[in-house]
Amino acid sequence: MKKFFLRRTSLFLLTLLFSLIFSIPCFASSTIKLSLNGRQLEPSVAPIIKNGTTLVPLRLISENLNAHVSYEKETKTISIISKNTSIHLTLENKKAIVNEDTILLSMAPISTNGTTMVPLRFISENLDCKVNWDAKNQHITITSLNTEEQTNNSTLPTATIIVKDYGTITLELYPDIAPNTVNNFIFLANNHFYDGLTFHRIIDDFVIQGGDPLGTGTGGPGYTISGEFSSNGFSSNVLSHTKGIISMARSYLPDSAGSQFFITCADATYLDGQYAAFGKVLTGLDVVEALSNVSTNANDAPLSPIIIESIRVDTKGMTYPNPIGMMN
């Protein structure tokens, strides 16, 4: 049975950003450096300073802090959800809601050239971070105060996908969000199932899809797994299909996923609750973007094969059981 997705809609896909408030003069900001938990970050959009407020990319930082970001076009509402905090902002509105409290921002979120800018100090401190500004070196340092969360992150399984002629994609997987889905991916990857298979379906600004042993969109491992997503009665999966998320492909049947997976090339939050998201890209998003731009035919198949040389998962010393599957 052919695996499929909802086609792209005209949803407004954008990169969400947030700002850090400092009392510093307005100047060209291309020299501002950012680091998070001691690691230097390379923002996709250079920081800018507006009315004494430094604006920097939100997604780059929030997703490194395991916060999930979404945008509602009709209401212009930005939602940033972490383990303990929910933050809701609205474009051109200084009022923000943190959990159930209303807070007045010093500057309303704005949209500039398709990029949403919001106050970083407000966001980061509500995500349990400390922010410092080194004016001499023009360096913003952001430090997570939740050391327990950082420790837990170090034990998450990490998948490495090597794509022939394109490079390497690394992802962290979330067994607490989609346990059997993660078990299944680890089982297949570490038993060399994916070696030599292809990304057989690619849609620019939507997804790259692979993992079919037949290369046609109809194959699988010989069994299927239950769909771990909310519309299938699985409420624990709250991972949103933002850019760089890995999720399981399936047919119209909710329990039809097997080995085929996809990685989102742009926000596709309209898939939330319908597909089992189970991890996100850590490095190699540029490889995902390069793959999304290859030439394809009318069936979204690449004109030249995109070969997966291997997929392996480092389980960090943890033991994961074999997946619970249903025979086809």
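What share of the chain's contacts between residues at least 6 apart in sequence join residues at least 24 apart? I started there, and the figure came out at 67%. A reminder to myself before going on: this is a predicted model.

**Entry 1: the whole chain**

I counted five helices and 25 strands. Of the 328 residues, 50% are buried. The exposed surface comes to about 14,900 Å², with carbon and sulfur atoms supplying 51% of it.

**Entry 2: the nonpolar cores**

Next I looked for where the nonpolar side chains gather. The largest nonpolar core holds 44 residues, and I161, L173, F185, F199, F261 and I263 have the most contacts inside it. Helix α4 (residues 179–190) is its biggest contributor, giving five residues.

Setting aside neighbours within four places in sequence, I found I161 in contact with G167, T168, I169, L171, F261, I263, I308, S310 and I311.

**Entry 3: helix α4**

Is α4 largely enclosed or largely open to the outside? Nine of its 12 residues are buried, so the rest of the structure largely encloses α4. The buried ones are N180, T181, V182, N183, N184, F185, I186, L188 and A189, and I note that F185 is also among the core residues with the most contacts.

I checked the length too: α4 reaches 16 Å from its first C-alpha to its last, close to the 16 Å expected at 1.5 Å a residue. Just after the helix, H192 takes a positive phi of about 65 degrees.

**Entry 4: strand β19 and its partners**

Strand β19 (residues 207–210) was my next stop. Four bridges join β19 to strand β18 (residues 199–203), antiparallel, and four bridges also join β19 to strand β22 (residues 261–264), again antiparallel. Reading across, I202 stands opposite I208, and I208 in turn stands opposite I263 in β22.

Which residues cover the two faces of β19? V207 and Q209 lie on one side, I208 and G210 on the other, and all are buried.

**Entry 5: a five-stranded sheet**

I traced an open sheet ordered β7-β8-β9-β10-β11, paired antiparallel. The edges are β7 (68–72) and β11 (101–104); each has a single partner strand, so one side of each is left without a neighbour in the sheet. Neighbouring strands here are turned by 20 degrees against each other on average, direction ignored. Inside the sheet, β9 (residues 86–90) and β10 (residues 93–98) pair over three bridges, with I87 opposite V98.

**Entry 6: P109**

I finished with P109, which sits in the loop between β11 and β12 (110–112). Is P109 buried or exposed? Its relative accessibility is 0%, so P109 counts as buried. Leaving out residues up to four places away in sequence, P109 touches I78, L89, T90, L91, E92, N93, M117 and V118. P109 and L89 are 20 residues apart along the chain, yet 7.4 Å separates their C-alpha atoms.

Methods
Residues numbered from 1 in each chain as written. Predicted model: local features only at pLDDT ≥ 70, side-chain atom pairs only at ≥ 80, totals over all residues. Heavy atoms only, no water. Pairing = 2+ DSSP bridges. Axes fitted to C-alpha atoms, helices over the stretch in contact; angles between N-to-C directions. Buried < 20%, exposed > 50% of the residue type's maximum accessible area, 1.4 Å probe, protein only. Core = buried A, V, L, I, M, F, W, Y, C linked by side-chain atoms within 4.5 Å. Contact = heavy atoms within 4.5 Å. Expected span 1.5 Å × (residues − 1). Areas by Shrake-Rupley, 256 points an atom, 1.4 Å probe, with all protein chains shown as cover.
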